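Please keep the structure in view while reading.

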Amino acid sequence: MVKITKYYDAVRTNKPFLKTNFKQKTKISLNVLKYIFSDKKLILKNKPVTAQIEPTSHCNLKCEMCIREKVGVPIGSMTYEDFKKILNELNSLFKIHLSGQGEPFLNKDLFKMIKYANQKGILVNLNTNGTLLTGKIIQEICDVEIGEIAVSLESAKKEEYEKIRRGAKFERVMKSINELKNALEKNKKKTIISFAVTIFKKNIDEMENFVKLAKDVGVKKIIAQTIQEKEDYVSRYGKESQTQRVSEDEDKLKDKINKAKILAKNLGIDLIFDEEKSDGCIWPWRGIYVTWNGYATACCKILNYKKPMMGNLLNENFWEIWNGKQYQMFRRMLKQRKAPFPCKGCKMV
């Protein structure tokens with residue numbers, strides 16, 4: 001049911017695909033079919049169906065669980081010309097996520113990027129911390145086609161939220177979400193606003209509160225995931241975050257998720273939590289993560305992309321990257337349900 005909901009949302013909000021020309025529709029559709037029938041081969045004929053492209057690694061917050069500074073993530077923003085070059089290389093995408101280690105609305109060319117993707121018939125989703133949803137930004141959102149805007153949220157309580165999202169103001173973000181919802185409705189946009197909830201030990205008891213808050217501000221969807229427990233993340237967490245792993249509270253988590261799902265269903269809200277059962281990671285077959293400076297990694301959770309680094313889409317041949325030795329190694333190991341070094345501890349393996 002979770003997969004059906006996710007795919008239905010992607011299809012019903014993808015107005016750019018419906019508007020694009022027949023040639024581009026055919027190119028995208030054939031690429032999707034090639035992926036479906038790829039049978040997890042090591043060398044692929046399909047290009048990525050989905051991509052997560054990082055507009056910027058600049059951020060205006062200092063969140064409690066963020067480790068990008070400890071990893072040494074290079075700070076910068078993707079240029080519009082580089083974005084076009086990457087999108088022209090990945091020319092049969094169905095969907096892109098404009099998000100990464102920074103706040104996407106800090107990239108001055110973000111809406112030019114979205115418009116360019118719209119012209120290519122590509123569904124655009126993005127994640128934001130919600131702090132920059134000013135009247136001007138909201139109007140610009142309504143002037144383009146965006147499938148889904150996910151607002152990160154770790155607590156439904158003001159004090160705890162502001163402790164985790166250092167620099168954010170709870171009431172301001174909630175007010176902005178409501179203003180965005182009203183503007184989208186006024187402009188007859190199908191854009192979905194969702195909460196992207198990271199579950200810690202300390203907020204497991206809040207699962208039903210997230211649903212109630214969503215109802216209060218008019219959010220119809222919640223995407224929940226647990227705090228990242230990959231070994232390279234955990235080793236870099238601060239003392240507080242290292243105590244927040246939920247792997248030892250799985251029974252409690254399951255109970256709270258189930259109760260929240262019942263409440264969500266009664267309130268007409270979709271609650272998606274797809275960590276309950278994993279059929280194995282599919283990212284090296286389906287998608288690609290591209291940093292603001294063009295580097296490709298197998299997944300958005302691999303922050304230290306210097307090792308292993310798949311290649312750079314701005315100055316290397318795409319097919320040599322996509323079917324190179326590094327990608328083949330990842331596909332071979334993940335097909336066997338074994339974790340490559342950067343994936344150790346990931347629940348999706």
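Lysine 202 counts as partly exposed in this predicted model, because its relative accessibility is 27%. Its side chain meets that of glutamate 64 in a salt bridge, with a distance of 3.2 Å from N to O. Glutamate 64, by contrast, counts as buried, because its relative accessibility is 10%. The two residues are 138 positions apart and link distant parts of the chain: glutamate 64 belongs to the loop between β1 (50-53) and α4 (68-71), and lysine 202 to the loop between β5 (192-199) and α10 (207-217).

Across the whole structure, a search finds 20 salt bridges. One of them joins the side chains of lysine 84 and glutamate 81, at 3.6 Å from N to O. Both residues lie in helix α5 (residues 80-89), where a spacing of three residues corresponds to about one turn of the helix. A further salt bridge is formed by lysine 347 and glutamate 275, whose closest N and O atoms are 4.0 Å apart. Here distant parts of the chain are linked again: lysine 347 lies in the segment after α16 (325-335), glutamate 275 lies in the loop between β7 and α14, and 72 residues separate them. Lysine 347 is partly exposed, because its relative accessible area is 32%.

The strands may be considered next. In which order do the ten strands of the open sheet lie? The order is β7-β6-β5-β4-β3-β2-β1-β8-β9-β10, and the pairing is mixed. At the edges are β7 (270-272) and β10 (311-312), each of which pairs on one side only. Strands of a sheet pair through backbone hydrogen bonds, in either the parallel or the antiparallel sense. Both senses can be illustrated here. Strand β2 (residues 95-98) and β3 pair in parallel over four bridges, and leucine 98 has leucine 126 in β3 as its bridge partner. Strand β3 (residues 123-128) is largely enclosed by the rest of the structure, because five of its six residues are buried. Strands β8 (residues 287-290) and β9 (residues 295-297), on the other hand, run antiparallel and are joined by two bridges. Tyrosine 289 stands opposite threonine 297 in β9.

The nonpolar interior follows. In soluble globular proteins, nonpolar side chains tend to be buried together. The largest nonpolar core of this model has 106 residues, of which Ile53, Ile96, Ile141, Phe195 and Ile199 touch the most other members. Helix α9 (residues 170-186) supplies the largest share of this core, namely seven residues.

Tryptophan 285 and threonine 131, which are 154 residues apart in sequence, are separated by 34 Å from C-alpha to C-alpha.

Glutamate 162 is found in helix α8 (residues 158-164). A polar atom of the side chain of glutamate 162 lies 3.0 Å from the backbone nitrogen of phenylalanine 170. Not counting residues up to four places away in sequence, glutamate 162 touches Ala168, Lys169, Phe170 and Glu171.

The cysteines remain to be described. A disulfide is a covalent bond between the sulfur atoms of two cysteines. How many disulfides does the structure hold? The structure holds zero disulfides. For cysteine 63, the nearest cysteine sulfur is that of cysteine 59, at 5.9 Å, and cysteine 63 is in no disulfide. Cysteine 63 counts as buried, because its relative accessibility is 13%. Cysteine 300 is likewise in no disulfide, and the nearest cysteine sulfur, that of cysteine 299, is 4.5 Å away. Cysteine 300 counts as partly exposed, because its relative accessibility is 21%.

Key: Residues numbered from 1 in each chain as written. Predicted model: local features only at pLDDT ≥ 70, side-chain atom pairs only at ≥ 80, totals over all residues. Heavy atoms only, no water. Pairing = 2+ DSSP bridges. Polar contact = N/O pair within 3.5 Å; in protein donor to acceptor, adjacent residues only side chain to side chain. Contact = heavy atoms within 4.5 Å. Core = buried A, V, L, I, M, F, W, Y, C linked by side-chain atoms within 4.5 Å. Buried < 20%, exposed > 50% of the residue type's maximum accessible area, 1.4 Å probe, protein only. Disulfide = S-S within 2.5 Å.
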